[in-house]
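Please keep the sequence and the model in view while going through the numbered points.

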Amino acid sequence: MNTHYELIMVRFGELSTKGKNKKDFIQTLFKNIKNALKNDFSRCEVERRFDHIYVHLNGEDINLVGNRLQDISGIHSLSFVHRLESNIDNIINDSLTLIKEEAGQTFKVNCKRADKSFPYISDKIVRLVASNILKNTSLKVDVHNPDIKLNIEVRMEATYIYMKTIPGAGGYPLGVGGKALLMLSGGIDSPVAAYELMRRGVSIECIHFASPPYTQVGVIYKLIDILKCLNRYQASIKLHIVPFTKLQESIYQFVDESYCITIMRRMMYRISEKVARRRKCLAIASGESIGQVASQTLSSMMAINAVTSFPIIRPLSTIDKLDIINTSKKINTYDISIRPFEDCCTIFTPKNPKTSPKEDECIKFEAKFDYLSLIDEAINNIETKIINSEE
């Protein structure tokens, strides 16, 4: 299987609708593909054309390369392709050789003739190829639901033959959407939010609020392992670890317990905005989902968001929890996320958190302590780690 396929055809999909930005988007995708393959598949060569990108295997395992390409945002679909000179005899003969390797009892031939100078129209090519297959195999034609779909594309530079179209990650190439600062807790949701952002072309840096000795160092190792999984989609990710203990202790000293989570989240957003501006991020992002916990009701979000005018992105806001879990398993972060190391939000969860907090009440509680100096102290003592795919 696949012994005659020497390259992979990459299709852009959604990028083709982007008008004047299309050229820049495709160039970014081209660079991202090269970077994704350069370490593990160094023999591969990437060729950019106006309508497709082609990956020349040069002896690399086609299935392994295909699996890697499926993770790259901006790729709509891909196919394992045989490339040949545009000659009708070559097309007829090579089509027969390739289809003999496929399992099935019925087939259909599709043809696109982009090169209008080729002397045979698409319908004629289909008839010649199909007739030769019928004469030399036991396969039967089924135009409605065939076991095998043989696709032929006659282009200016060559002809391409392939059997299957494999779905890609979709979305936009990483980097074209700017950069966001993601609030990474270590739970199930925030890594999935990171993945969804990267699928839309947004690169990420992460911020985590640590409260030692209440939180264990194990949660940091957990975050590093999560980010190593996400390195599959972004090769290098910065993790900013904020020492949050003093601020959190002050909150629980001066704030009514029912408002503690709300005030804590307000402080996190204040800190995240300052870090985001320093790091030239264009938005703050989180794994929050509407109504999932007390601090994620619309009323709570309104009270929490009031502390910042910075753009806030919640990629999972309307996504069902089971769908979030399924995605976390797909990107291999689920088993890491459920390790029993709790973050500061989990450890300090009050018994009866306010689900409809009022902003004026938040302001009254915050006036009881000097949170601004505590925020500055926390920011000045941030520890930053860089998690790379090579490590």
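**Note on strands, helices and selected residues**

1. In strand β13, A285 is the bridge partner of L182. Strands β10 and β13 (residues 283-285) pair in the parallel sense over three bridges. Here two strands are taken to pair if DSSP finds at least two bridges between them. Helices (H or I, at least four residues) and strands (E, at least two) are DSSP runs, numbered from the N terminus.

2. The model is a predicted one, in which local features need pLDDT of at least 70 and side-chain atom pairs count only at pLDDT 80 or more, while totals for chains, interfaces and linings use all residues. Residues are numbered from 1 along each chain as its sequence is written, and side-chain values use heavy atoms, with hydrogens and water left out.

3. Is strand β10 mostly covered or mostly uncovered? Strand β10 (residues 179-183) is mostly covered, since four of its five residues are buried. Buried means under 20% relative accessible area, exposed means over 50%, and partly exposed lies in between (1.4 Å probe, protein chains only).

4. Strand β10 also pairs with strand β11 (residues 203-210), in the parallel sense and over five bridges. M183 stands opposite I207 in β11. From β10 the chain crosses through helix α5 (residues 189-199) to β11, and this β-α-β crossover is right-handed. The term right-handed applies if, with the strands pointing away from the viewer, the path from the first strand over the helix to the second runs clockwise.

5. Helix α5 lies across β10, β11, β13 and β14 and runs at about 170 degrees to β10. Axes are lines fitted to C-alpha atoms, for helices over the stretch in contact, and angles run from 0 to 180 degrees between N-to-C directions.

6. In what order do the six strands of the open sheet stand? The order is β14-β13-β10-β11-β12-β15, and the pairing is mixed. Strands β14 (312-313) and β15 (383-388) stand at the edges, each with a single partner strand, so one side of each is left without a neighbour in the sheet. Strand β12 (residues 236-243) is joined to β15 by six bridges, and the two run antiparallel. I241 stands opposite E383 in β15.

7. Strand β8 (residues 159-162) has T159 and I161 pointing one way and Y160 and Y162 the other way, and all are buried. In a regular strand the side chains alternate between the two faces of the sheet.

8. Strand β8 is joined by four bridges to strand β4 (residues 77-84), and the two run antiparallel. R83 stands opposite Y160 in β8. Four bridges also join strand β7 (residues 148-154) to β8, again antiparallel, with N151 opposite Y162. Strands β7 and β8 form a hairpin with four residues between them.

9. The axes of helix α7 (residues 245-254) and helix α14 (residues 371-380) come within 9 Å and cross at roughly 155 degrees. That makes α7 roughly antiparallel to α14; angles under 35 degrees count as roughly parallel, over 145 as roughly antiparallel, 65 to 115 as roughly perpendicular and the rest as oblique. K246, L247 and S250 of α7 make the contact with Y371, L374, I375 and E377 of α14, where contact means heavy atoms within 4.5 Å. By class, this contact has four nonpolar, one polar and two charged residues. Ala, Val, Leu, Ile, Met, Phe, Trp, Tyr, Cys and Pro count as nonpolar, Asp, Glu, Lys and Arg as charged, and the others, Gly among them, as polar.

10. Two helix residues may be set side by side. T327 is found in helix α10 (residues 321-330) and counts as buried at 16% relative accessibility. Leaving aside residues up to four places away in sequence, T327 touches V192, Y195 and E196. N380 lies in helix α14 and is exposed, with a relative accessible area of 57%. N380 and P243 are 137 residues apart in sequence and 9.4 Å apart in space, C-alpha to C-alpha.

11. A cis peptide bond joins P212 and P213, with omega about 5 degrees; P213 is placed in the loop between β11 and α6 (218-230). K280, in the loop between α8 (260-278) and β13, is a residue other than glycine with a positive phi, near 60 degrees. K280 is exposed, with a relative accessible area of 67%. N332, in the loop between α10 and α11 (334-337), has a positive phi of about 70 degrees although it is not a glycine. N332 is exposed at a relative accessible area of 55%.
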